[in-house]
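Please consult the sequence and the structure shown below while reading.

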Amino acid sequence: MQVQRLSLPSYTLTPPNVSPSQQLSSKILKLNPNSKSGFCDSLKMVFKSPTGLRSHGGSVGVMCGVAQQEDTDDGFYMRRCVELARKAIGCTSPNPMVGCVIVKDGKVVGEGFHPKAGQPHAEVFALRDAGDLAENATAYVSLEPCNHYGRTPPCSEALIKAKVKRVVVGMVDPNPIVASKGLDRLRDAGIEVTTGVEEESCKRLNEAYIHHMLTGNPFVTMRYSMSVNGHFLDQLGEGVAKSGGYYSQLLQEYDAIILSSSSIIENASIPVSQEAGANQPVQIIIARNSSSPIQIPALTMEPIGKPIIFSDKETTVELERAHTGIETVVLDQINLEAILEFCNSQGLCSALLDLKGNIGDFEELLQDGIAKNLLQKIVIEVLPLWDANDGGNFPIALKSLRKRLEVKNLKPKVSSENVVLEGYL
Ligand SMILES: [Zn+2]
């Protein structure tokens with residue numbers, strides 16, 4: 001397989017079909033520190049002032065009454081850790097999202113989360129927030145504290161130095177250079193250690209990180225929309241791409257999105273997350289058997305992503321506005337393995353396979369993905385409509401999959417008027 005990179009002129013990416021007034025309001029949203037979904041606003045506050053940590057929730061003392069049921073309390077504080085960790089959604093890759101809460105005499109005295117790779121870990125922020133009150137306190141951490149010198153000193157040492165009495169951990173770190181060593185170090189120092197509290201939610205929080213750490217492959221989720229009569233639909237439900245909608249949140253969460261070039265051309269836009277301050281995914285555009293040049297739509301706002309075109313021939317990219325470079329990767333055959341290899345080389349730990357546009361573009365990717373177990377998760381959006389077509393538009397690629405697949409842990413949720421099913425392959 002030959003991989004050839006071509007450097008082509010690039011352009012400025014902007015959210016699609018956004019009117020000037022909408023652009024303005026989205027900018028206002030990003031700058032509004034009171035925005036509930038503005039997790040990156042919170043991050044900015046963390047950087048501005050270490051004591052500002054409390055301003056996004058850490059100062060709220062949580063009284064638990066008589067702490068008779070330690071287990072119940074442990075679950076409560078661990079759920080708060082997960083909530084804190086999620087403030088950095090889409091920002092920490094290749095690191096995990098981690099939250100930490102320091103509790104003394106039934107009261108939260110410190111909170112923190114890991115904002116971004118290269119920044120201090122959650123424990124450091126929480127201990128800083130707690131100050132001297134950390135002594136004899138209980139530290140709750142959604143993931144085992146690290147015990148190695150990376151870009152930051154080990155958190156196990158920081159907890160020992162702060163003289164915490166007890167450490168409660170959501171899950172053991174799957175990273176082989178951490179795995180249980182952090183816990184051993186804490187126990188050796190005489191600290192009481194409890195593990196596996198709210199383990200399921202801690203694992204779900206970092207499902208992409210865990211998968212990547214264990215397999216070396218990015219975590220891949222396949223997404224598509226369908227009608228209530230089971231027909232594949234090449235459209236999103238009303239409201240799902242807006243801020244707070246499941247689709248906008250998926251774009252925020254994943255490091256990369258894999259798209260058909262036809263969906264970009266037809267919609268004259270590249271999907272972007274509308275969550276305030278969202279880190280936009282790298283857009284991997286599949287251009288298969290493309291005889292005509294790919295026309296990239298003219299987009300006008302600030303750069304918000306980095307598109308890469310995967311083609312099986314040296315496709316020309318037509319740009320209505322030429323700016324800086326778009327990368328094109330030419331492969332003999334476009335397959336999921338090659339794309340995931342590329343993701344790995346770019347430090348991208350998760351990818352959303354977004355089945356829209358010309359589904360034929362995904363045929364080889366899906367067959368390859370299912371045959372080699374490269375797909376981990378499935379997200380299906382059911383739109384509240386009965387489709388008039390005869391169902392002949394269901395993806396050929398999916399029809400030709402003759403393998404019976406079990407979907408584990410299938411769960412529904414609601415986004416606007418639509419039902420979204422999530423499960424694991
Ligand atoms: Zn650490």
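## Strand E2 and its partners

Two residues separate strands E2 and E3 in their hairpin, and Asp105 adopts a positive phi near 50° there. The model under discussion is predicted.

Strand E2 comprises residues 99-104, and five of its six residues are buried, leaving the strand mostly covered. With strand E3, residues 107-113, E2 runs antiparallel, and six bridges join the two. Within this pairing, Val101 stands opposite Glu111 of E3. E2 also pairs with strand E4, residues 138-141, in the antiparallel sense over four bridges.

## Strand E10 and its partners

Strand E10 covers residues 282-287; five of its six residues are buried, so the strand is largely enclosed by the rest of the structure. The chain reaches E10 from strand E9 by way of helix H10, residues 261-267, and this β-α-β crossover is right-handed. E9, residues 256-260, runs parallel to E10 and is joined to it by five bridges. Ala256 stands opposite Val282 of E10. Strand E12, residues 307-311, likewise runs parallel to E10, with five bridges between them. Here Ile284 stands opposite Ile308 of E12.

| Strand pair | Bridges | Sense |
|---|---|---|
| E2 and E3 | six bridges | antiparallel |
| E2 and E4 | four bridges | antiparallel |
| E9 and E10 | five bridges | parallel |
| E10 and E12 | five bridges | parallel |

## Helix H8

Helix H8 spans residues 207-215, and its buried residues include Ala208, Tyr209, Ile210 and His212. Against which elements do the buried residues of H8 pack? They pack against helix H7 (199-205), strand E7 (219-226) and strand E15 (350-354). After H8 comes Gly216, which has a positive phi near 80°.

## Arg223 in strand E7

Arg223 lies in strand E7, one of the elements against which the buried residues of H8 pack. Is Arg223 buried or exposed? A residue counts as buried if 20 or more other C-beta atoms lie within 10 Å of its own. Arg223 has 23 other C-beta atoms within 10 Å and is therefore buried.

Apart from its neighbours within four places in sequence, Arg223 is in contact with Leu250, Leu352, Leu353, Asp354, Leu355 and Val379. Tyr247 is 24 residues from Arg223 along the chain, and the C-alpha atoms of these two residues are separated by 9.5 Å.

Notes
Residues numbered from 1 in each chain as written. Predicted model: local features only at pLDDT ≥ 70, side-chain atom pairs only at ≥ 80, totals over all residues. Buried ≥ 20, exposed ≤ 12 C-beta atoms within 10 Å, placed from the backbone. Contact = placed C-beta atoms within 7 Å. Pairing = 2+ DSSP bridges. Right-handed = clockwise from strand over helix to strand, strands pointing away.
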